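Take a look at the sequence and the model, then read on.

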Amino acid sequence: MSASAREAMLARRSAPKVTDAAPDDAEVADLLEAAGRVADHASLRPWRFIALRGDARNRLGDALAAAAGLDGEHGARLAGKPLRAPLLLAIVAVTRPHFKVPEWEQEAVAAGVAHQLSLLLDDAGWGVMWRSGPHTRHPLVAEMHGLADGERLLGWLYVGGVPDGARPDRGQDADAAARFSSLQ
Ligand SMILES: Cc1cc2nc3c(=O)[nH]c(=O)nc-3n(C[C@H](O)[C@H](O)[C@H](O)COP(=O)(O)O)c2cc1C
């Protein structure tokens, strides 16, 4: 585990390829306890996560293929995508009408929790990659997750073990200086 939040953030990287090892529900819940401490207008807690393991990943794959209207070889290829990791954490924005907090603010909170959870999983040594796709918000995909009205997916954290010696390069810098300005 990193000595500081800054260290963990600078070291984080996405892991496109992971092994079959995965954190159990108790570990995910423990990390979520911390990840959930984001700024949250009116404390609506507008988020939840659903762990998809085993055959649930096949059901998601089937829903994605059906949403895309694909069958045969193309459908099978799309249906196989969720099998790239042993654990998918579906990120759900749980939005509701609120007189002070518009929907976009509630989705921003859910995204913030997902980013923090991704960072904590990475810092705990797991491989993580946030993935989405054109069918993320298709009704068949929502149905597969059992989403209620007002609940919308923000994608999935694909989680697994980091293959030996395969910690990918950090990649491009954020070039933060060029994205920061100041008004007086
Ligand atoms: C909301 C969201 C959806 C994403 N969806 C995908 C995706 O479907 N496929 C993909 O290759 N990367 C996707 N990414 C980007 C990766 O998670 C990752 O950030 C990117 O590959 C850069 O790697 P890095 O995080 O190590 O900088 C998504 C990121 C976010 C925040």
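A nonpolar core, as used here, is a set of buried Ala, Val, Leu, Ile, Met, Phe, Trp, Tyr and Cys residues joined through side-chain atoms within 4.5 Å. Buried means under 20% relative accessible area, exposed means over 50%, and partly exposed is what falls in between (1.4 Å probe, protein chains only). With that in hand, the largest nonpolar core has 23 residues.

Before going further, a word on where this comes from. You're looking at a predicted model, where local features need pLDDT of at least 70 and side-chain atom pairs count only at pLDDT 80 or more, while totals for chains, interfaces and linings use all residues. Residues are numbered from 1 along each chain as its sequence is written, and side-chain values use heavy atoms, with hydrogens and water left out.

**The overall layout**

- The protein chain has 6 helices and 4 strands; these are DSSP runs numbered from the N terminus, with helices being H or I of at least four residues and strands being E of at least two.
- Along its principal axes, the C-alpha trace spans about 60 × 50 × 35 Å.
- Buried residues make up 40% of the 184 residues in the chain.
- Take the contacts (heavy atoms within 4.5 Å) between residues at least 6 apart in sequence: 83% of them join residues at least 24 apart.

**The nonpolar cores**

- In the largest core, the residues with the most contacts inside it are Phe49, Leu89, Leu117, Leu121, Leu157 and Val159.
- The elements giving two or more residues to this core are α2 (25-35), β1 (47-52), β2 (87-94), α5 (103-123), β3 (126-131) and β4 (151-161).
- Helix α5 supplies the largest share of this core, with 7 residues.
- What does Leu121 touch, leaving aside its neighbours within four places in sequence? Leu121 is in contact with Pro23, Leu31, Leu89, Trp126, Val128, Leu157 and Val159.
- There's also a second, separate core of 20 residues, and Leu60, Ala85, Leu147 and Trp156 are among them.

**The salt bridges**

- How many salt bridges does a search of the whole structure find? It turns up 8, counting a side-chain nitrogen of Lys or Arg within 4 Å of a carboxyl oxygen of Asp or Glu.
- Asp25 pairs with Arg53, with the closest N and O atoms 2.7 Å apart. Asp25 lies in helix α2 and Arg53 in the loop between β1 and α3 (55-68), so the pair ties together parts that are 28 residues apart in sequence.
- Asp40 and Arg45 form another salt bridge, at 3.0 Å from N to O. Asp40 is buried at 13% relative accessible area, while Arg45 is partly exposed at 46%.
- Arg48 in strand β1 and Glu151 in strand β4 link parts of the chain 103 residues apart, with their closest N and O atoms 2.9 Å apart. Here Arg48 is partly exposed at 29% and Glu151 is buried at 14%.
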